[in-house]
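Colleague: I am new to this structure, and I would like to know what lies behind the words used to describe it. Could we go through them one at a time?

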Amino acid sequence: MRPRHGGAPELAIQVIADPDLYVIRLAGELDLASADAVETALLDAERRARSNVLVDLEGLRFIDSTGMRLLLQAKRRAEDDGLVLRVTGAQGAVARVLRLTGIESELAFEPRVAGPAPGPGGGSPPVNGRD
């Protein structure tokens, strides 16, 4: 993750580019400052995926209206292109914001996902899609 002015991490993006299940894992804060990088990852996923894009929010601590807009726009673009974009792993404050704003019902939430951990090494345990 890149440090912000105060030294706190901003956002880390990990991509698992399997054409059958293209996974984007986000960790940190999805806001105006990190929106361009996330949008680039989402657009790349939409171009390269055959059918499914999964956005894993397990490591996300914060999301603002810019981040929510990006997820909704990506879902709509994916549907227009015949893809399925799902979201998983929202926890704590992020899950609450998505639920309170009604965006949770707009996005296709996947309650659990398994796959490689964001760091070096093997797999991670299943991720809970709710807080």
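Colleague: Which residues of helix H3 are called buried?

Modeller: In this predicted model, the buried residues of H3, which spans residues 92-100, are Val-94, Ala-95 and Leu-98; the word requires a relative accessible area under 20%.

Colleague: What makes the span of helix H1 agree with the number of its residues?

Modeller: H1 has 14 residues, 35-48, and at 1.5 Å a residue these should span 20 Å; because the C-alpha atoms at its ends are 20 Å apart, the two values agree.

Colleague: Which residues of H1 are buried, and why are they placed on the same side?

Modeller: They are Ala-35, Val-38, Ala-41, Leu-42, Ala-45 and Glu-46, and since their arc around the axis is only 135°, they fall on the same side of H1. The face turned away from that buried side carries Asp-36, Thr-40 and Arg-47, which are exposed. The buried residues themselves pack against strand S1 (11-18), strand S2 (21-30), S3, H2 and strand S4 (84-88).

Colleague: What makes S1 and S5 edge strands?

Modeller: The five strands form an open sheet in the order S1-S2-S3-S4-S5, with mixed pairing, and S1 and S5 are its edges, as each pairs on one side only.

Colleague: How do you know that S1 and S2 pair?

Modeller: Pairing requires at least two bridges, and eight bridges join S1 to S2, so these strands pair, running antiparallel. In this region Asp-18 stands opposite Leu-21 in S2. On the sheet packs H2, which touches S2, S3, S4 and S5 and whose direction makes about 175° with that of S3. H3 also packs on the sheet, touching S3 and S5, and its direction makes about 110° with that of S3.

Conventions
Residues are numbered from 1 along each chain as its sequence is written. This is a predicted model: local features need pLDDT of at least 70, side-chain atom pairs count only at pLDDT 80 or more; totals for chains, interfaces and linings use all residues. Side-chain values use heavy atoms; hydrogens and water are left out. Buried means under 20% relative accessible area, exposed over 50%, partly exposed in between (1.4 Å probe, protein chains only). Helices (H or I, at least four residues) and strands (E, at least two) are DSSP runs, numbered from the N terminus. The expected span of a helix is 1.5 Å times one less than its number of residues. The arc is that of the directions from the helix axis to the C-beta atoms. Contact means heavy atoms within 4.5 Å. Axes are lines fitted to C-alpha atoms, for helices over the stretch in contact, and angles run from 0 to 180 degrees between N-to-C directions.
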